[in-house]
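Have the viewer open while you read.

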Amino acid sequence: MKKNNKISEAELEIMKVIWEAGEPVPSTDIVHRLKDKCGWEDTTIYTMLSKLVKKGVLIRDKKVVSYYSASLTEQDYMLEQTESLVDRLFAGDSRQLVSMLVENRKISREDIRELRQLWEADDE
């Protein structure tokens, strides 16, 4: 699953609207939500929607109004971005990422306990 879907921060706002809906979303609803939230012009939003369709992360179903649904799940996107981060910054060694989080107190002992429980449950 190494597609490496490059989504800009602005495009990510559109994806979040669609992921949160959990079903195809009319373009008018997307425009309405993002105009209020981000203050973008309609044309800007429609341009970004078109780019996301070209990238293959959105599917456009044109009826009277275009409906958009994600062809990329939020989970797959987060996994791709995490893998990319580990590859770029830590030469593929995820232990270095975890070590940095621990050393800089971005992960607590409680977090580590929960992760250990997850790990042990996965072994069962």
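1. At roughly what angle do the axes of helix H1 and H2 cross, and within what distance do they come? Bear in mind that this is a predicted model. The axes of H1 (residues 9-21) and H2 come within 11 Å, and they cross at roughly 125 degrees. The two helices are therefore oblique to each other. As for handedness, H1 passes H2 in a right-handed crossing.

2. Now the residues at that crossing. From H1 you get Glu13, Ile14, Val17, Ile18 and Glu20, and they meet Ile30, Arg33, Leu34, Lys37 and Cys38 in H2. Sorted by class, the H1 contact with H2 comes to 6 nonpolar and 4 charged residues, with no polar ones.

3. Next along is the pairing of H2 (residues 27-38) with H3 (residues 42-55): their axes come within 10 Å and cross at roughly 125 degrees. That angle makes H2 oblique to H3. The crossing of H2 and H3 is right-handed.

4. Which residues of H2 and H3 meet? On the H2 side they are Ser27, Thr28, Ile30, Val31, Leu34 and Lys35, while H3 brings Asp42, Ile45, Tyr46 and Leu49. The class count for this contact of H2 with H3 is 6 nonpolar, 2 polar and 2 charged residues. Look at Ile30 and Leu34 in particular: both are listed in the contact with H1, and both turn up again in the contact with H3.

5. On to the sheet. It is an open one of 3 strands, ordered E1-E3-E2, with antiparallel pairing. E1 (25-26) and E2 (58-62) are the edge strands, each pairing on one side only. Between E2 and E3 (residues 66-70) the antiparallel pairing runs over 5 bridges.

6. How does H3 sit relative to the strands E2 and E3? H3 lies across both of them, and it runs at about 115 degrees to E2.

7. Finally, the whole chain. There are 6 helices and 3 strands, and read along the sequence they follow the pattern α-β-α-α-β-β-α-α-α. The radius of gyration is 18 Å, whereas a compact globule of 124 residues would have one near 14 Å. Along its principal axes, the C-alpha trace spans about 50 × 30 × 30 Å.

Terms used: Residues are numbered from 1 along each chain as its sequence is written. This is a predicted model: local features need pLDDT of at least 70, side-chain atom pairs count only at pLDDT 80 or more; totals for chains, interfaces and linings use all residues. Side-chain values use heavy atoms; hydrogens and water are left out. Axes are lines fitted to C-alpha atoms, for helices over the stretch in contact, and angles run from 0 to 180 degrees between N-to-C directions. Helices (H or I, at least four residues) and strands (E, at least two) are DSSP runs, numbered from the N terminus. Angles under 35 degrees count as roughly parallel, over 145 as roughly antiparallel, 65 to 115 as roughly perpendicular and the rest as oblique. A crossing is left-handed if the near helix is turned anticlockwise from the far one by less than a right angle, and right-handed if clockwise. Contact means heavy atoms within 4.5 Å. Ala, Val, Leu, Ile, Met, Phe, Trp, Tyr, Cys and Pro count as nonpolar, Asp, Glu, Lys and Arg as charged, and the others, Gly among them, as polar. Two strands pair if DSSP finds at least two bridges between them. The radius of gyration is taken over C-alpha atoms; the globule rule is 2.2 Å times the number of residues to the power 0.38.
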